[in-house]
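Good morning, and thank you for making the time.

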Amino acid sequence: MTIAPQHTRRTVLKTAALAAAAATVGPLRVFDAAAAAEPASRGIFGYGVASGDPTADAVVIWTRATPPPHPGDPVATPGSGLGRPLPVHWEVARDPEFRDRVRHGMVRTSPDSDHTVKVDVTGLDPYTRYWYRFRAEGETSPVGRTQTAPDEPGRLHALRLALVSCSNYTGGYFTAYRAIAARDDLDFVLHVGDYIYEYGNGADRFGPADLIGVRDGVPATETIDLTGYRLRHALHKSDPDLAAAHRCHPWITIFDDHEVANNAWASGAENHTPGVEGDFMLRRRQAYQAYLEWMPFRLPEQQAVPHQGIRFFKRFGFGPLGDLSIVETRQNRSPQVDVPPFTRTGGGFIPVGIPGVDAQLADPSRHLPEPDQLRWLSDGVAQPGHWHLVGNQVVLTPVRFPGAALGAPPNLTFLNSDQWDGYQADQAALIAHLGAQPPAAGDVVVLTGDIHSSWAMDLPASRSAGYTPVGVEFVCPSVTSDGFYELVRAALPAGTPTGVVVATTQGITGAVAGTNPWIRYLDGIGHGYTVIDVTPDRVQADYHLTPRPTAAQPDPRIDPALEPAYAISWQTLAGSRRVSPATGPVGPRHDTPTGADR
Ligand SMILES: [Fe+2]
């Protein structure tokens with residue numbers, strides 16, 4: 001979803017509501033996190049390097065290799081479909097100097113893959129740091145650092161990740177990615193969606209006006225075809241902070257809606273106009289193609305689990321500590337419930353308590369993930385184990401928004417029909433299933449993004465004050481995308497003192513939390529990331545947020561020097577299945593991967 005009111009295609013309520021209220025060329029270099037802030041997209045390896053989907057013995061390594069044009073040849077810019085094929089050598093070592101090389105090979109890239117290169121490097125040791133690089137026509141890529149998963153039978157290791165979502169390029173500087181790159185204590189970065197946005201630089205632009213001409217989208221218009229999506233991915237890979245975060249850690253990613261178009265469902269999207277923008281299914285195929293080319297994403301076995309379409313969902317193991325299921329909730333979802341004039345096609349905030357609307361929301365024939373995937377997820381969280389983490393796109397916990405907090409009539413209550421709340425049969429079935437699991441099944445921690453704000457919530461078995469919690473959900477803030485604070489600021493008269501904007505935002509989020517007693521924490525102001533740390537005793541979430549807006553700097557996203565900093569911690573204790581406060585940020589890991597001292 002997108003929460004932002006100015007867009008011409010935004011829902012009525014969204015507007016009304018808040019109105020009321022690495023370098024490439026040159027000599028071979030060893031790994032250097034600080035060196036990532038160099039102009040990208042120059043030379044053969046100008047879009048940097050990345051790695052992803054780490055398992056016990058494998059990791060995907062990625063780059064884009066732009067062939068130097070022969071005299072008279074066109075330049076193989078992303079999306080161009082031009083350029084000659086290029087052989088690319090790759091190598092993986094146990095040390096950043098590549099003295100102890102363990103794997104190497106050669107692949108050939110071409111315009112067919114937009115000159116991206118992806119190698120699934122296998123035969124590696126578990127819980128071990130590796131370094132990798134590429135070489136072509138005398139040039140060597142930046143050196144990337146990666147790591148296999150802490151996944152050994154019977155051996156308990158530390159597990160720590162950075163949870164991120166919603167990184168709109170025009171929304172601000174990617175200082176969250178810079179802060180993540182600087183950390184040495186992460187097993188991987190988990191991006192749960194909206195890695196790119198499809199919008200252009202015109203009336204459909206999101207983000208601070210201060211960045212117009214400074215951080216513009218490429219292409220300048222909405223991405224609707226293969227060329228557009230490839231260019232948008234290339235833009236992101238050329239950001240020095242994002243490039244650094246890819247260079248320093250493996251990533252596990254899953255797309256949400258904006259990798260295709262806002263509030264997408266199985267056969268359309270809120271931000272897709274058939275006839276004007278072409279066939280949606282063709283658009284989506286091209287968006288998925290660009291995603292798979294440009295992201296270090298491994299497709300799982302196609303036939304292992306029944307499903308509809310491309311099997312993007314997957315599961316990672318972490319020895320006796322537990323597992324991580326990555327769900328995908330766009331490809332097969334039923335259309336969102338719309339309630340004109342509050343929403344048009346594609347859903348959004350809709351009033352509830354209206355018989356026809358409630359019946360649609362509860363209709364068991366409507367689905368978020370397809371039934372086979374929901375069954376796969378349900379089976380996974382029921383396996384005897386410790387922690388079952390779930391990487392998820394849209395909020396699972398039931399959340400009701402009081403009309404007054406949205407600037408709507410106070411006698412109305414709203415929900416967001418693009419979230420699990422809009423698919424209540426699936427939501428109820430999953431929550432009931434979690435509640436039915438015996439202690440031996442372990443506990444579920446849902447890790448979510450999408451809503452551009454920071455939340456810690458109990459998953460309630462029922463929406464009543466005396467609810468029984470059946471698990472928890474931690475929601476990370478956006479990296480840059482507009483959240484509650486930006487919406488309020490845009491809705492209030494220009495020149496409203498920053499303190500008033502902050503207080504108004506807190507009033508709204510406070511009212512939302514007050515309406516849903518299972519919300520233990522909700523911040524609608526900061527941007528950044530969330531560190532998730534897993535031990536046998538607890539899962540802790542540390543929220544790292546940008547500094548509070550001030551009169552001098554009412555929008556910290558436009559200051560490239562303002563990195564997120566530690567703000568607050570929440571946790572869930574093993575067996576409690578509920579959120580509780582934590583005393584402070586996580587300390588050093590209790591163990592480190594082989595090679596981490598290099
Ligand atoms: Fe988003």
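The donors of the iron ion follow the spacing C-x27-D-x2-Y-x254-H along the chain, where a donor is an N, O or S atom within 2.8 Å of the metal (3.2 Å for Na, K and Ca), and since water is not among the atoms, sites may look incomplete. This is a predicted model, in which local features need pLDDT of at least 70 and side-chain atom pairs count only at pLDDT 80 or more, while totals for chains, interfaces and linings use all residues. Residues are numbered from 1 along each chain as its sequence is written, and side-chain values use heavy atoms, with hydrogens and water left out.

The coordinating residues are Cys-166 through SG, Asp-194 through OD, Tyr-197 through OH and His-452 through NE2, at 2.1 to 2.5 Å. Cys-166 sits in the loop between strand S9 (159-164) and helix H2 (175-182), and Asp-194 in the loop between strand S10 (188-191) and helix H3 (226-237), so the pair ties together parts 28 residues apart in sequence; helices (H or I, at least four residues) and strands (E, at least two) are DSSP runs, numbered from the N terminus.

Are these two residues buried or exposed? Cys-166 counts as buried at 0% relative accessibility, and Asp-194 is likewise buried, with a relative accessible area of 0%; buried means under 20%, exposed over 50%, and partly exposed in between, using a 1.4 Å probe and protein chains only.

Turning to the sheet, an open one of 3 strands has the order S16-S19-S18 with antiparallel pairing, where two strands pair if DSSP finds at least two bridges between them. Its edge strands are S16 (349-352) and S18 (401-402), and Phe-401 has Phe-414 in S19 as its bridge partner.
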